Amino acid sequence: MNLHRLDLVSLSLFMHVVRSGSISKGAQLANLAVGAASKRISDLEAAVGAGLLERHSRGITMTAAGEALARHALRILGDVNLLAAELRDHANGIVGVARLWANTSAITQFLPADIAAFARATPAIRIELAELNSGEIVLGVLEGRADIGIFADRTPALGLQLMPYREDRLVLVAPSGHALARRRSLRFEEAAEFDFVSLSQGTSLAQRLQAETEAMGQRLKLRIQVRSFDAMCQMVAAGLGVAVLPADAVRALVRSLNLRQIPLQDAWARRQLLIGVRDLETLPRHARMLVEHLAAAPQPGR
């Protein structure tokens with residue numbers, strides 16, 4: 001076995017063949033003649049000392065050795081693509097990429113202005129922003145798929161270093177003709193008898209409502225679950241229930257749909273959004289600069 005004889009062109013060809021189920025189709029995708037492609041596959045098999053493909057009239061299937069090679073080739077080619085992208089960034093004057101995962105509340109309320117300010121101050125650092133649920137964000141940072149996470153408090157985050165980011169305020173959103181619409185404020189328990197519109201169960205907001213309802217010895221009257229604040233407001237406007245949402249995130253939607261925001265008096269209605277990293281000291285300098293910028297973001301009323 002001589003793995004030093006493996007080359008990226010042959011690995012790429014192999015993956016094309018595997019995906020297409022045919023050496024001729026794989027050769028076409030790799031811009032190679034069929035004879036040249038067959039020779040490269042044979043050379044791969046000689047290098048690993050085992051057959052990789054079983055050829056039959058309907059195409060090809062992988063052997064156990066072929067499946068092992070495919071798993072590793074996929075990762076190797078992915079790493080090469082990441083390397084090419086990073087080198088391309090350097091060639092274009094980009095000195096680093098910070099991978100930031102954040103929940104919907106942070107993205108809709110605070111991050112656009114904060115990221116824009118950071119980009120103006122440090123144009124050579126590129127930010128890759130992804131929107132996910134708080135639990136997924138923590139897992140992504142722990143596994144190294146994200147450099148920085150922003151998520152709601154109460155999210156289990158053992159193993160992360162945490163810093164405060166921003167505070168948001170939850171309100172009850174109701175149709176203008178609803179029985180609670182004229183209230184200036186209320187406690188959550190006063191709304192518990194009504195139907196609710198919520199985000200999916202995996203979100204920190206949905207979990208918070210469920211926990212608070214259960215703490216009162218009741219069950220949340222959940223009528224419908226959707227995937228965005230926009231959809232929640234649309235459902236409330238259609239009369240399908242009330243919702244608990246971050247005030248600043250939905251202010252424009254509430255106004256355009258003629259809904260009402262009623263402040264919640266409960267202490268838990270003020271949420272802390274947190275910044276989480278695995279280890280601030282070992283973060284790349286460009287990612288650490290972004291953390292410091294976000295952690296220094298001004299809080300309302302400061």
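## Helix H11 and its buried face

Start with helix H11, residues 285–295, where His286, Ala287, Leu290, Val291 and Leu294 are buried. Look down the axis of H11 and these buried residues fall within an arc of 145°, so they line one face of the helix. Keep in mind that this is a predicted model.

What do the buried residues of H11 pack against? Their partners are helix H6 (111–121) plus a run of strands: S3 (96–102), S4 (125–131), S5 (148–152), S6 (161–175) and S11 (270–277).

The largest nonpolar core has 35 residues, and Leu172, Val244, Val250 and Leu264 are the ones touching the most other members. Strands S6, S7 (196–199), S9 (243–246) and S10 (259–263) each give two or more residues to this core, and so do helices H8 (204–215), H9 (229–237) and H10 (247–256).

Leu172 is worth a click in the viewer. Leaving out residues up to four places away in sequence, Leu172 touches Leu180, Leu186, Ala191, Phe196, Val242, Ala243, Val244, Arg260, Gln261, Ile262 and Leu264.

There's also a second, separate core, this one of 26 residues. Among its members are Phe110, Ala152, Leu283 and Leu294; Leu294 is also one of the buried residues of H11.

In soluble globular proteins, nonpolar side chains tend to be buried together. Still, Leu8, Ile76 and Val80 make a nonpolar surface patch of about 220 Å². Val80 sits in helix H4, residues 64–91.

Note on methods: Residues are numbered from 1 along each chain as its sequence is written. This is a predicted model: local features need pLDDT of at least 70, side-chain atom pairs count only at pLDDT 80 or more; totals for chains, interfaces and linings use all residues. Side-chain values use heavy atoms; hydrogens and water are left out. Buried means under 20% relative accessible area, exposed over 50%, partly exposed in between (1.4 Å probe, protein chains only). Helices (H or I, at least four residues) and strands (E, at least two) are DSSP runs, numbered from the N terminus. The arc is that of the directions from the helix axis to the C-beta atoms. Contact means heavy atoms within 4.5 Å. A nonpolar core is a set of buried Ala, Val, Leu, Ile, Met, Phe, Trp, Tyr and Cys residues joined through side-chain atoms within 4.5 Å. Patches are made of residues with over 30% relative accessible area and no salt bridge: like charges are joined within 9 Å, nonpolar side chains (Val, Leu, Ile, Met, Phe, Trp, Tyr) within 5 Å. Accessible areas come from the Shrake-Rupley method with a 1.4 Å probe; for residues, only the protein chains shown count as cover. A salt bridge is a side-chain nitrogen of Lys or Arg within 4 Å of a carboxyl oxygen of Asp or Glu.
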